[in-house]
Amino acid sequence: MRTLVVVNPNATSTSRRMRDVLLSALAGAADVTITSTTHRNHAAELAEAARLDGVDAVVAYGGDGTVNEVVNGLLSAGPGPQVPMLGVLPGGSANVFARNLG
């Protein structure tokens, strides 16, 4: 399974150490690429490119803004079978989306 992890390095509780732990945890189960965002809307750009490239899953590691951008990128052409699965690793200070999911 090809997986892209989109990391917002400016999110409150993300760190290089946690990215390394995440990579080693997923390494045996998936072909993982971890990419950090560098500017506003970059997560959306990365998610859209992943969809176009046929990636199986995209994981948003950051806060609510990162999740929002990733979802917008994944759904830029609308819903359908070509849209990768979404994973969320809360890394912000509020994490409203993750909290609402329980």
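**Exercise 1. Placing Val5**

In which strand does Val5 lie? Then decide whether Val5 is buried or exposed, and list what Val5 touches.

*Solution.* A note on the model first. This is a predicted model, in which local features need pLDDT of at least 70 and side-chain atom pairs count only at pLDDT 80 or more, while totals for chains, interfaces and linings use all residues. Residues are numbered from 1 along each chain as its sequence is written, and side-chain values use heavy atoms, with hydrogens and water left out.

Step 1. Val5 lies in strand S1. Strands (E, at least two residues) and helices (H or I, at least four) are DSSP runs, numbered from the N terminus.

Step 2. Buried means under 20% relative accessible area, exposed over 50%, and partly exposed in between (1.4 Å probe, protein chains only). Val5 has 0% relative accessibility, so Val5 counts as buried.

Step 3. Contact means heavy atoms within 4.5 Å. Not counting residues up to four places away in sequence, Val5 touches Leu22, Leu26, Val32, Thr33, Ile34, Thr35, Val59 and Tyr61.

Step 4. Now compare sequence with space. Val5 and Leu23 are 18 residues apart in sequence, and their C-alpha atoms are 8.9 Å apart.

**Exercise 2. Building the sheet**

Work out the order of the strands in the open sheet. Which strands are the edge strands?

*Solution.* Step 1. Two strands pair if DSSP finds at least two bridges between them. S1 (residues 2–7) and S3 pair in the parallel sense over 5 bridges. Here Leu4 stands opposite Val58 in S3.

Step 1. S1 and S2 are also parallel, over 6 bridges. Arg2 has Asp31 in S2 as its bridge partner.

Step 2. S3 pairs with S4 (residues 85–90) in the parallel sense over 6 bridges. Val58 stands opposite Leu86 in S4.

Step 3. The open sheet has 4 strands in the order S2-S1-S3-S4, with parallel pairing. S2 and S4 are the edge strands, as each pairs on one side only.

**Exercise 3. Inside strand S3**

How many residues of strand S3 are buried?

*Solution.* Step 1. In S3 (residues 57–62), 6 of the 6 residues are buried, so the strand is largely enclosed by the rest of the structure.

Step 1. In a regular strand the side chains alternate between the two faces of the sheet.

Step 2. Sort the residues by face. Ala57, Val59 and Tyr61 are on one side of S3, and Val58, Ala60 and Gly62 are on the other. Both faces are covered.

**Exercise 4. Two helices in contact**

At what angle do H2 and H3 pack?

*Solution.* Step 1. Axes are lines fitted to C-alpha atoms, for helices over the stretch in contact, and angles run from 0 to 180 degrees between N-to-C directions. H2 (residues 42–52) and H3 (residues 64–74) pack at about 35°, with their axes 7 Å apart.

**Exercise 5. The loop residue Thr37**

Where is Thr37 found? Is Thr37 buried or exposed?

*Solution.* Step 1. Thr37 is in the loop between S2 (31–36) and H2.

Step 1. The relative accessible area of Thr37 is 13%, so Thr37 is buried.

Step 2. Leaving aside neighbours within four places in sequence, Thr37 is in contact with Val6, Val7, Asn8, Pro9, His42, Ala43 and Leu46.
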